[in-house]
Amino acid sequence: MVVNLNHIIDQVVKDKGIDRAVLVEALESAVLSAANKKYRNTRDLEAHYNEESGEVEVFEFVTVVDEVVDSYKEIDLQEAKEIDPEVEIGDSLGMKLDASNFSRIAAQTAKQVIIQKVREAEREGVFNEFKDRVGELVNGIVRRYERGDLIVDLGRAEALLPHREQVPRENYRQGDRVRAYVSEVKMAPKGPQIILSRTHPGVVAALFHFEVPEIAEGIVEIKSVAREPGSRAKIAVVSHDPDVDPVGACVGMRGSRVQNVVSELRGEKIDIIPWTPDIARFACSALSPAEVTRVYVDNDEQAMEIIVPDDQLSLAIGKKGQNVRLAAKLTGWKIDIKSETRAAEAELEELRGEAAAEAAEESAAGDAVELAERHTRDELYEMAKERNIAGRSSMTKEELAQHLVVAEVEGAEGGEAVEEEAGSGEEGQE
């Protein structure tokens, strides 16, 4: 008795979520494998699924010849005409085989092929489902710990929440619900591997995307997120509608929206900052609530020097430098914060340095004039020759004097440097 496989295929397709064509192909492949095993790969066989009868049919193909050399793959013309009167020499004649008499081993082979194909189809289906969900939040149930990593049941698949992607203060037990960010989906030899994260900055962005309709609708845009998981995060937002306040939209009525995000992140503090293309203003907002006195911007180095009142310095830097560190991450620029007193001292030192340089330049000019008055050009030329001053032949008397003074100063500085180096070497030996 031949079993109608249509109902079985429909049930497996429904239960496993596998494409019907893939399952039919697996059945054909399995029956063909079993048939080849039964006939020891001596015959040219093909297997086709018959939708009407719900049966996998196996056909043996032989070539019509005058004289048979290989009886498994050839048939003489006379015998072939008994099957099909219209065949000619060279035709390929297909004959249906009885697939119900396969041995137990052949049936076992068919079963293994089907199981393997179904498993591959399941893995492919899971991979295709989750590969497009990177950047989304998913809910799952904690199943077990494996060397510090969490195995999370997502329903159709298990995902991995690595130890490095877990927030330090968060602890889970078997059966706990966990909401995590899909950070990566890759195909491994054992099947698709779904990597989750609770520390990714995208977790904060995805939570706001879920809680704030204006973000989901594209009216408010999240420009950047900086985060120190479990402690504090900063999020920069901008509105594309002048009537919508981006910060107010994220905070919600009486802070309800941001509180939901904070609750999901188990108390992590969140600063919502209005984004602006003016990097100096954006940096000032990012450092709030600290007040800022001045900002110096270096566009080439993408760096900023920010001056704050003395009493605002610790607030601007934050606990263990967290506030300025997050502000730098949020803006993508280097930020150097100085108090007004420190900035004034630095400016004073700079002015003193400039004044000293000007004084040295004036002194050198006076020395050159004096040197030119005391010596003739020939005498200055001989002195320049001793010091190997290049281009001395074409120089005037005043130019020779200037170069000699400069060479004198450089020689003195070089000597001091040599003495300092020798001194440090002696100290090292001691």
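Two strands count as paired if DSSP finds at least two bridges between them, and with that in mind we can turn to this predicted model and one of its sheets. Strands of a sheet pair through backbone hydrogen bonds, either parallel or antiparallel. In the sheet considered here, which is open and has three strands, the order is β10-β11-β12 and the pairing is mixed. Because β10 (220-228) and β12 (269-274) each have a single partner strand, they stand at the edges, and one side of each is left without a neighbour in the sheet. Neighbouring strands of this sheet are, on average and with direction ignored, turned by 20° against each other.

Looking at one pair in particular, strand β11 (residues 232-239) runs parallel to β12 and is joined to β12 by six bridges, while Val-237 stands opposite Pro-274 in β12.

Helices also lie across these strands. Helix α9 (residues 279-286) lies across β10, β11 and β12 and runs at about 155° to β12, whereas helix α11 (residues 322-331), which lies across β10, β11 and β12 as well, runs at about 140° to β10.

Elsewhere in the chain, helix α1 (residues 6-16) packs with helix α2 (residues 20-38) at an angle of about 130°, and their axes are 10 Å apart. Since angles over 145 degrees count as roughly antiparallel and 65 to 115 as roughly perpendicular, α1 and α2 are therefore oblique to each other. The crossing in which α1 passes α2 is right-handed. In this contact, Asn-6, Ile-9, Asp-10, Val-12 and Val-13 of α1 meet Arg-20, Leu-23, Val-24 and Leu-27 of α2, and by class these residues comprise six nonpolar, one polar and two charged.

Notes. Residues are numbered from 1 along each chain as its sequence is written. This is a predicted model: local features need pLDDT of at least 70, side-chain atom pairs count only at pLDDT 80 or more; totals for chains, interfaces and linings use all residues. Side-chain values use heavy atoms; hydrogens and water are left out. Helices (H or I, at least four residues) and strands (E, at least two) are DSSP runs, numbered from the N terminus. Axes are lines fitted to C-alpha atoms, for helices over the stretch in contact, and angles run from 0 to 180 degrees between N-to-C directions. Contact means heavy atoms within 4.5 Å. Angles under 35 degrees count as roughly parallel, over 145 as roughly antiparallel, 65 to 115 as roughly perpendicular and the rest as oblique. A crossing is left-handed if the near helix is turned anticlockwise from the far one by less than a right angle, and right-handed if clockwise. Ala, Val, Leu, Ile, Met, Phe, Trp, Tyr, Cys and Pro count as nonpolar, Asp, Glu, Lys and Arg as charged, and the others, Gly among them, as polar.
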